[in-house]
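Here are some friendly notes to read beside the model. Take the points in order, and look each residue up as you go.

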Amino acid sequence: MATQSNRSMLTALSLVNQHSSLTHQVRDLPTPQFIELLDKITAEFEHFLRAIDMINNESLEIMLEQILEAFTLKIGQILQAERTTIFMVDQEKQELWSKIAQGDGERSLEIRVPMNKGISGYVATHVTPLNIPDAYADERFDRRCDQKTGYHTHNILCMPVLSKKTDNIVAVVQLLNKLNRMPFNAEDERHFKEFAESLGVILESCNSFYIAARNQKGVAALLKAISSLEQSLDLEKTLQSVMEEARLLMQADRSTLWLIDEKSGELWSKVKSGDGQSLVELRISNHSGIVGYVAGTGESLNIPDAYQDERFNPEADKLTGYVTRNILCMPVFDSSSKLIAVTQLINKAQGPFTGTDEAFMRAFNIQAGVALENAKLFESVLVEKQYQKDILQSLSNAVISTDLAGRIVTINDAALNLLGCPMDGDQNRAVRDYWQAALHQRLVWEVIPIESLRFRLEDSLRNGARHYVPEQTLKAASWLAQSNPEETGERLMLPDSHDPELYRPWGDPIATAVPKNQVQLLERSLHLTVNPLTNPEGQVLGGLSRAGRQSARKSG
């Protein structure tokens, strides 16, 4: 193997048809030849790594533009043409594209023409040279270009450039107006063919790099979009993120994500207002236009010319002055394959949307579906949580819920009042919030000294038992903290477990104790109900204590 100096080592390795063949050959290879083999493979891998670096490098596109510009200049010099253009073939879009140099310091301008139009389109489609001595006498020549630019085309030489590997067309070189005012001749065609094969290899490689770099950018944008979507459970933020990331990913001018409202039979979205400071809700019928068609059928639509599609409604363009050229509209499904939204992209920066765009957008929409489903679930949980909280606070009875360990999860205002928290007016809302935060995750029987409460609650949590106690006396105390301005406000005080003459805030054993004569004692006569909290399957998830007050008494 080491003697194959004219063959790529990696190519030779790829031709090994049995997994063990290489092992057998290396086993008997002398050390010097083995080192030579390693050196050659290493050198080739370094070439591959440099190629990968080029694909990931943002300057690759500039480098390709420079190659096209340099080759264009040199071919024009060799064949003595006034103007030369190298058109690359984009088989996916069925277009020819080229980079036209602009002023110093400016990026080249990309132009695209249909593959079936004009002289260059004919050469690309039929893969045959055209040598036209009089352009205006040929019906395939489009005079509008001359009329638009003021240039006069006399003669044309248009040559195909083929792939050495597949013999497929890679590019078309178009030369206009030979400098001596004579038509291009057979000698010019022969000169071109002398370097056409090498030109084909280079241009095919450039085009492969260009496509790889474009796909790499698409993958990077998709990963960025996925990361962005995973970071938010807020529906409005998710909508905005989806719209912007989709637009950037597809290089579109506009993007909208429409959610399906099953109750109203509409599609809705939120977009930025004209000043960009707020969001405006838009609603349309779920049978309206392109979006409605996709929402109704679940099919994707890639429309290269919007005005040629009868489903397109041009009224919005007429009202705004905007011109819709092309549209990519695709469904978004949730995890159960239910259609929940539609993405709409309008006006790709260069040409129509392609099959590659559809593939990227399909992958993007899968992630968008997951993000939207999560955001909706989170929103419904928040709504349900607020609903339960409102019900809890509206109850006149004191209600406290706990987890399976007996730690307080929720406590309503009536329960806070029962423990001595000030309830007179909205000015004490901050105090009530402070009490709720202080009591959260505390063991309920430690902060509410009712006889046998721990036994009853643990029985309820363990066995699903229900307990009703006709009358209990609740003894607690409150204390107005004034030593520290930041801590001003009444606190729940509970007797120290070792010294009944001392009281500690919230019953915390490590908090600073306060003498009994400095607190305001409270007594409540109440009836108590202890119930388990269960899910629909009957599994106990926590405990619920409900108290109805009979009478109240304060003492100094």
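Which residues have the most contacts inside the largest nonpolar core?

1. They are Leu439, Ile448 and Leu492, in a core of 34 residues. A nonpolar core here is a set of buried Ala, Val, Leu, Ile, Met, Phe, Trp, Tyr and Cys residues joined through side-chain atoms within 4.5 Å. Buried means under 20% relative accessible area, exposed means over 50%, and partly exposed lies in between (1.4 Å probe, protein chains only). Leu439 touches Ile408, Ile411, Leu416, Leu419, Val447, Leu492 and Trp506, leaving out residues up to four places away in sequence; touching, or contact, means heavy atoms within 4.5 Å. Another core lies apart from it, with 22 residues, including Ile75 and Val173. In soluble globular proteins, nonpolar side chains tend to be buried together.

2. A word on the ground rules. This is a predicted model, where local features need pLDDT of at least 70 and side-chain atom pairs count only at pLDDT 80 or more, while totals for chains, interfaces and linings use all residues. Residues are numbered from 1 along each chain as its sequence is written, and side-chain values use heavy atoms, leaving out hydrogens and water.

3. Now for the whole chain. The secondary structure comes to 15 helices and 20 strands, taken as DSSP runs numbered from the N terminus (helices: H or I, at least four residues; strands: E, at least two). Of the 556 residues, 42% are buried.

4. Next, look at the aromatic rings. Rings of Phe, Tyr and Trp (its six-membered ring) pair if their centres lie within 6.5 Å; planes under 30 degrees apart count as stacked, over 60 as edge-to-face and the rest as tilted. The count comes to five aromatic pairs. Tyr434 and Trp506 are edge-to-face because their planes stand at 80°, with ring centres 6.0 Å apart. This pair links distant parts of the chain, 72 residues apart: Tyr434 is in helix H13 (residues 429–439), and Trp506 is in the loop between strands E17 (502–505) and E18 (514–515). Is Trp506 buried or exposed? Trp506 counts as buried because its relative accessibility is 8%, whereas Tyr434, at 37%, is partly exposed. Together with Trp435, these two form one aromatic cluster.

5. Finally, find Asn326, in the loop between helix H10 (315–320) and strand E11 (327–333). Asn326 has a relative accessible area of 2%, so this residue is buried. Among the residues in contact with Asn326, beyond its neighbours within four places in sequence, are Ile303, Pro304 and Phe353.
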